[in-house]
Every structure is written in structure tokens, then in C-alpha cells.
Amino acid sequence: CRAWAWDSVRGERKCWHNYYNFNFTYGSLVKEITLQNDGANTSHNSRSYSRASEKEKNKNIFVIRTEHLEKDWTTIDIMLGGNGTEGMQILHKNAWSKNINNSSGGGGIKINHPSNNAPNKTLSHQGRLNLCRALCDEIQIYKKLIRLAVNIDVESENQSLNELLHTCPNESREVKVCQ
């Protein structure tokens with residue numbers, strides 16, 4: 001089981017959800033856009049990394065973060081010419097939206113997932129560190145996606161990185177090589 005689990009996390013064992021990870025799904029796109037942006041003389045280590053002029057770009061990445069679903073969806077809707085409300089209306093009308101309920105007080109949405117009913121939702125500190133280590137390559141792709149996303153501003157990027165560091169305290173804010 002241990003070998004199977006590590007193979008799945010690394011994307012080396014074909015199991016739909018585990019095999020088709022961020023790197024498999026987005027790795028080549030991230031590389032292509034990084035090269036595209038580098039060719040537009042943007043800095044690899046700054047937020048301008050994803051801010052080449054529109055004429056210099058021919059592909060954009062939009063990111064919808066689960067923990068900021070409503071904000072990201074609305075931002076993208078506006079960027080694409082919408083009024084900022086249509087996207088959420090479509091989301092709520094969608095067949096799976098019956099699992100999305102308005103959260104109390106914040107006006108945001110809360111996603112109810114069947115796993116929320118699990119009797120034991122705790123993960124030990126060491127277990128969390130182990131999981132973060134196992135998902136290191138996935139986390140690096142996540143950081144790249146956040147930085148490349150045209151709908152994520154500097155404040156939102158920092159918020160997501162802070163949330164990541166809270167979850168995985170041994171992680172860095174910068175993309176790193178995993179061991």
C-alpha cells in the first residue's frame with residue numbers, strides 16, 4: 001500500500017484522480033506560457049511575470065481557487081465582459097450547485113462535499129508534513145498557476161501563498177525543486 005500511495009501521489013500509477021495530477025494536466029501549459037512570457041522580456045521572479053502586454057501574449061491562464069470560488073468566478077466574469085453576477089447565477093443553476101449553499105454572514109458560498117461527513121477529519125501535524133512533502137511537485141505547479149493567472153492580483157496571490165504556508169509550514173513562497 002505504501003508503494004502504491006507514493007506512486008499515485010507522484011503520478012506514476014494510473015488511478016484517474018491521482019494519476020492525472022496538476023503536472024500532467026497543466027505542466028506543459030505552464031511551461032509554454034512561462035516561455036511565452038520570458039520571450040516578452042518579463043521578469044521570472046516578479047509579479048510582472050504574467051503581465052506582458054496583451055499583444056505579446058496569445059494564451060492566458062485563469063484560475064478559480066476553491067477556497068475563493070465566488071471572488072475568482074466573479075473576477076473572471078468581469079474580465080470576459082460580464083457584469084460580475086452572471087457567472088455565479090450560472091454556478092447556482094448548475095446541476096451540481098445543489099451541493100453549494102450560501103454561507104452564513106459572509107455572502108460567500110460553502111461547498112458541501114460528501115467527505116465532510118467523515119467521522120475523523122483530523123490529520124496529525126506529522127501527517128500533514130508528510131502529505132505536504134508527498135505533494136511537493138503538485139504544490140510547485142499550484143504556485144506557478146497562481147503566479148501566471150491573469151485574474152489573480154498580487155493581494156490574492158499573497159493570500160493564497162499565506163494559506164499554503166499555513167497548511168504546509170515547510171513550504172516556501174517561491175517555486176522550489178522538490179527532493
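Among contacts in the protein between residues at least 6 apart in sequence, 53% link residues at least 24 apart. The model shown in these views is predicted.

**Figure 1. Overview of the eight helices and two strands of the protein.** Along the sequence, the elements follow the pattern α-α-α-α-α-β-β-α-α-α. Of the 179 residues in the protein, 34% are buried.

Figure 2. H7 has 13 residues, and the distance from its first C-alpha to its last is 19 Å. This is close to the 18 Å expected at 1.5 Å a residue. Eleven of the 13 residues are buried, so H7 is largely enclosed by the rest of the structure. The buried residues of H7 are Cys136, Glu138, Ile139, Gln140, Ile141, Tyr142, Lys143, Leu145, Ile146, Arg147 and Leu148.

Figure 3. The crossing in which H3 passes H7 is left-handed. On the H3 side, the contact is made by Phe22, Asn23, Tyr26, Gly27, Val30, Ile33, Thr34 and Asn37. On the H7 side, Glu138, Ile141, Tyr142, Lys144, Leu145 and Leu148 take part. Sorted by class, the contact of H3 with H7 comprises eight nonpolar, four polar and two charged residues.

**Figure 4. Gly27 in helix H3.** Gly27 is one of the H3 residues in the contact with H7. At 4% relative accessibility, Gly27 counts as buried, because buried means under 20% relative accessible area. Which residues does Gly27 contact, leaving aside its neighbours within four places in sequence? They are Phe22 and Ile141. Phe22 belongs to H3 and Ile141 to H7, and both are listed in the contact of the two helices. Leu145 of H7 is also listed in that contact. The C-alpha atoms of Gly27 and Leu145 are 9.4 Å apart, although 118 residues separate the two along the chain.

**Figure 5. The packing of helix H7 with helix H8.** The axes of H7 and H8 are 10 Å apart, and the helices pack at an angle of about 165 degrees. H7 and H8 are therefore roughly antiparallel to each other. Their crossing is right-handed. From H7, Ile139, Tyr142, Lys143, Ile146 and Arg147 meet Glu157, Ser160, Leu161 and Leu164 of H8. By class, five nonpolar, one polar and three charged residues make up the contact of H7 with H8. Tyr142 of H7 is listed in this contact, and Tyr142 is also listed in the contact of H7 with H3.

**Figure 6. Ser156 in helix H8.** Is Ser156 buried or exposed? Ser156 has a relative accessible area of 2% and is buried. Not counting residues up to four places away in sequence, Ser156 touches Arg65 and Lys71.

**Figure 7. Arg173 in the segment after H8.** Arg173 is partly exposed, with a relative accessible area of 28%. Beyond residues up to four places away in sequence, Arg173 touches Lys143, Arg147, Asn158, Leu161, Asn162 and Leu165. Among these, Lys143 and Arg147 of H7 and Leu161 of H8 also take part in the contact of the two helices. Ser160, another H8 residue in that contact, is 13 residues from Arg173 in sequence and 9.9 Å away in space, C-alpha to C-alpha.

**Figure 8. Asp7 in helix H1 (residues 2-9).** Asp7 is buried, with a relative accessible area of 18%. Asp7 and Ala134 lie 127 residues apart in sequence, and their C-alpha atoms are 9.9 Å apart in space.

Methods:
Residues numbered from 1 in each chain as written. Predicted model: local features only at pLDDT ≥ 70, side-chain atom pairs only at ≥ 80, totals over all residues. Heavy atoms only, no water. Left-handed = near helix turned anticlockwise from the far one by under 90°. Helix = DSSP H or I, 4+ residues; strand = E, 2+ residues; numbered from the N terminus. Contact = heavy atoms within 4.5 Å. Nonpolar A, V, L, I, M, F, W, Y, C, P; charged D, E, K, R; others polar. Expected span 1.5 Å × (residues − 1). Buried < 20%, exposed > 50% of the residue type's maximum accessible area, 1.4 Å probe, protein only. Axes fitted to C-alpha atoms, helices over the stretch in contact; angles between N-to-C directions. Parallel < 35°, antiparallel > 145°, perpendicular 65-115°, else oblique.
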